[in-house]
Protein chains: 2
Amino acid sequence: MRPLTHPSIDDITVEGILHALSDPVRVRIYTQLACAERANSCSAFLQVEDRCIPKSTLSQHFRALREAGLIRSERRGVEMLNTTRCDEIQQRFPGLLPAIMQAHAIQSGKPLPPAPEGDDK
Amino acid sequence: MRPLTHPSIDDITVEGILHALSDPVRVRIYTQLACAERANSCSAFLQVEDRCIPKSTLSQHFRALREAGLIRSERRGVEMLNTTRCDEIQQRFPGLLPAIMQAHAIQSGKPLPPAPEGDDK
DNA sequence: TCCCATGGTTCGCAACATACGAACTTATGA
DNA sequence: TCATAAGTTCGTATGTTGCGAACCATGGGA
């Protein structure tokens, strides 16, 4: 099993981020991770929006998010803990992720509060 | 030749926008259109970033941008005039396009001025 | 120590998407 | 009417994605 690889912050591209977040399942996963208090395992997402996601597919989605630089994954015993890298990305591309998240929220009918600075609690 | 179809503003999705703009050629085209004073024909983009784009490929890229709702195309004699729909999209997803454009600008080393409101001149 | 359950990954294949040359359509102008 | 220019469509080769089956790694029990 090859080791987990994460791009350095400077290797993260806008194209990569947009591509990763242009998939509804990945957006959903990312949103959940961004809202989570603690790191989340992959298997917490076997069900996404009434849809049952096969675990091989889920594994690919996590890999896509990881390689795009959107999340950081760490093996912890038998499972994996995932957290977003939103602080780093906010440094490199200020405002990008909040705007995308807000747009998704608007589309799903639940706009977020304005959030002037990094509101990511 | 089938007629040009444009999605209504309510049918435009965030996924569609992100997917369309996750391609470097399309971003380039969109950026040029957004900065242009007047509408632009397709053939103005046969060369993109030192790369010569075949016109069939270009045609597909324009279709992708059009069907994602990012641009509006109008046949004008033998050529086609393209304009962005950024005002409409700004209404539906405020801040999304400016943030993406800014991120691309940062990535290419030429950050844009802050632009508090719709700066789209 | 052995076995097994659990959480993820990898492989292989089918389905879908993309790039591009060749052939086509439409409009313009000589 | 013919030639040319701007785009589109088609066919094919190549890439990407989704998913089941098989696999790997870790953490408990007996």
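**Note on helix packing and the A–B interface**

1. In chain B, α2(B) passes α3(B) in a right-handed crossing. On the side of α2(B), the contact is formed by B:Val25, B:Arg26, B:Ile29 and B:Leu33. The partners on α3(B) are B:Leu58, B:His61, B:Phe62, B:Ala64 and B:Leu65. By class, the residues of this contact comprise 7 nonpolar, 1 polar and 1 charged. The model under discussion is a predicted one.

2. The geometry of this pair may be stated as follows. Helix α2 of chain B covers residues 24–35 and helix α3 of chain B covers residues 55–67. Their axes lie 10 Å apart, and the packing angle is about 70°. An angle from 65 to 115 degrees counts as roughly perpendicular, and α2(B) and α3(B) are therefore roughly perpendicular to each other.

3. For chain A, the corresponding description concerns helix α2 (residues 24–35) and helix α3 (residues 55–67), which pack at about 70° with axes 10 Å apart. The helices α2(A) and α3(A) are therefore roughly perpendicular to each other, and their crossing is right-handed. From α2(A), the residues in contact are A:Val25, A:Arg26, A:Ile29 and A:Leu33; from α3(A), they are A:Leu58, A:His61, A:Phe62, A:Ala64 and A:Leu65. This contact of α2(A) with α3(A) likewise consists of 7 nonpolar residues, 1 polar and 1 charged.

4. Between the chains, helix α5 (residues 96–107) of chain A packs against helix α5 (residues 96–107) of chain B at an angle of about 150°, the axes being 9 Å apart. Since angles over 145 degrees count as roughly antiparallel, that makes α5(A) roughly antiparallel to α5(B). The crossing of α5(A) with α5(B) is left-handed.

5. In the contact of α5(A) with α5(B), 8 residues are nonpolar, with no polar and no charged residues.

6. As regards the interface as a whole, 20 residues of chain A are in contact with 20 residues of chain B. The area buried between the two chains is about 1,700 Å², and carbon and sulfur atoms give 71% of that area. On the chain A side, A:Glu15, A:Leu18 and A:Gln107 lose the most area to chain B; together these three account for 32% of what that side buries.

7. Across the interface of chain A and chain B, 0 salt bridges are found, while the count over all chains comes to 8. One of the pairs in the model joins the side chains of A:Glu88 and A:Arg72, at 3.2 Å from N to O. A:Glu88 belongs to helix α4 (residues 86–92) of chain A and A:Arg72 to strand β3 (residues 71–76) of chain A, so the pair ties together parts that are 16 residues apart in sequence.

Methods:
Residues numbered from 1 in each chain as written. Chains lettered and ligands numbered in written order. Predicted model: local features only at pLDDT ≥ 70, side-chain atom pairs only at ≥ 80, totals over all residues. Heavy atoms only, no water. Axes fitted to C-alpha atoms, helices over the stretch in contact; angles between N-to-C directions. Helix = DSSP H or I, 4+ residues; strand = E, 2+ residues; numbered from the N terminus. Parallel < 35°, antiparallel > 145°, perpendicular 65-115°, else oblique. Left-handed = near helix turned anticlockwise from the far one by under 90°. Contact = heavy atoms within 4.5 Å. Nonpolar A, V, L, I, M, F, W, Y, C, P; charged D, E, K, R; others polar. Buried area = accessible area lost by both parts, 1.4 Å probe. Salt bridge = Lys/Arg side-chain N within 4 Å of Asp/Glu carboxyl O.
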